[in-house]
Amino acid sequence: MKIKTLLALSLILLIAAACSTSGGAAIPSTASAPLTATLNDIQGQVNVKQPAEAEFTSAQNGLVLQTGGQLETGEDGRARVELSSGTFFRVGPNSQFTLQDLKAENEIPLTRLQMEFGKIWVILSAGSLEIETPAGVATVRGSYLYVEARPDKSVIITCLEGDCSLKNEIGIVNIVAGQAASIESSTSTPRTRDMSAEEFNAWLTINPESESIIPAVTATQGALPPTSTPTPQPLSAPIKLGPELNQFPADYNPLSGQQVEDPALLQTPALLVSVSHFPAVARPQAGLSFAPWVFEFSITEGATRFLATLYGDFPEPETPVIGNCEVRRTPFT
């Protein structure tokens, strides 16, 4: 009985082993198809350079840009790059970028671009997209991001929807719908602000998909609608003031440009007071803050003096405003 049982178990193991060989049923593969980037809607001068190519060549609709490939547009050039993940981005005139990475990490699409200069509008459908510029790195996760890398090495981004960020070695800022961020250079701190009406208009002009998003963003963020026009405000008539014009108002001190409490004091001639620095008992001097002009001049042998010009106000006693210590009135030793 035991022998029959052992033979039966051996037969089952042999059948299972045979099914696992190449002659058995195929095991379904879990590997996902590689992501691709295809060029479409090409207008004007658009050139590409694939990794194996030495020079740029004219781009055509339907061309697949390989990882490591470059794209550049001329003054009239525009293109739309469609990723197989569903994400796409539009490239504006006078732009150049390199497709650094196009992959899926744990089935989440990740795209990295290195942009030297130009303008890119991203409409993300899944995963994340990073754009590295000379000034910093912009990132978007769902789903509308604009990046402009300028020739002076500064960068500006706007976030129409989703979560966006801008960072460099100095710091990082996170912005949401209706906000913008900028970095003046690689050594300056990222700054944030609200999007302007011109930036909303740019989204609407270049990307028709944003038409349904902008009204909600402007309503919640308090930004100007794209169709609004600022009302011009009248400017006051310019007034020229200055000692050379002799056009100061009657109650203003021409030496300081500030209004005085008692205009009658302006009828008193200016007073020049020589203030000694030596001996030590002469310091610290008082009343200098009431002088519009204070000169320091040499009296030889390495010593100097102050020449205080008093006009329009009388000096007043000064009381120390910091601390509660008694004022020291003895010479310093």
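**A buried cysteine pair and the strands to explore**

Tutor: Cys-159 and Cys-164 are both buried, where buried means under 20% relative accessible area, exposed means over 50%, and partly exposed lies in between (1.4 Å probe, protein chains only). Please keep in mind that this is a predicted model, in which local features need pLDDT of at least 70 and side-chain atom pairs count only at pLDDT 80 or more, while totals for chains, interfaces and linings use all residues. Residues are numbered from 1 along each chain as its sequence is written, and side-chain values use heavy atoms, with hydrogens and water left out.

What joins Cys-159 to Cys-164? A disulfide does, with 2.3 Å from S to S; the term stands for a pair of cysteine sulfur atoms within 2.5 Å. The structure holds 1 disulfide. This disulfide is right-handed because the torsion about the S-S bond of Cys-159 and Cys-164 is about 65°.

Now for the strands. Helices (H or I, at least four residues) and strands (E, at least two) are DSSP runs, numbered from the N terminus. Two strands pair if DSSP finds at least two bridges between them. In general, strands of a sheet pair through backbone hydrogen bonds, either parallel or antiparallel.

Which strands pair with β10? One of them is β8 (residues 108-123), which is joined to β10 in the antiparallel sense over 6 bridges. In that pairing, Gly-118 has Ala-149 of β10 as its bridge partner. Another is β9 (residues 128-132), also antiparallel to β10, with 4 bridges. Here Leu-129 finds its bridge partner in β10 at Val-140. A hairpin leads from β9 to β10 through 4 residues.

Next comes β11 (residues 155-167), which pairs with β10 in the antiparallel sense over 11 bridges. To find one of these places on the model, look for Thr-139, whose bridge partner in β11 is Ser-165.

Between β10 and β11 there is a hairpin with 5 residues between the strands, and Lys-153 sits in that loop. As a rule, most residues other than glycine have a negative phi. Lys-153 is not a glycine, yet its phi is positive, at about 75°. Is Lys-153 buried or partly exposed? Its relative accessibility is 45%, so Lys-153 counts as partly exposed.

A second place to look is further along the chain. Three strands there form an open sheet in the order β17-β19-β18, with antiparallel pairing. Its edge strands are β17 (271-276) and β18 (293-298), each of which pairs on one side only. Neighbouring strands of this sheet are turned by 25° against each other on average, direction ignored; the axes are lines fitted to C-alpha atoms, for helices over the stretch in contact, and angles run from 0 to 180 degrees between N-to-C directions.

Within this sheet, 6 bridges join β18 to β19 (residues 304-310), and the two strands run antiparallel. Val-294 has its bridge partner in β19 at Ala-308. In the loop between β18 and β19 you will find Glu-301, a residue that is not a glycine but has a positive phi of about 55°. Glu-301 counts as exposed because its relative accessibility is 82%.

Leading towards this sheet, the loop between β16 (258-259) and β17 holds Ala-264. With a relative accessible area of 49%, Ala-264 is partly exposed. The C-alpha atoms of Ala-264 and Gly-312 are separated by 8.3 Å, although the two residues are 48 residues apart along the chain.

Finally, a helix to set beside the strands. Helix α3 spans residues 214-221 and contains Ala-219. Ala-219 has 63% relative accessibility, so Ala-219 counts as exposed.
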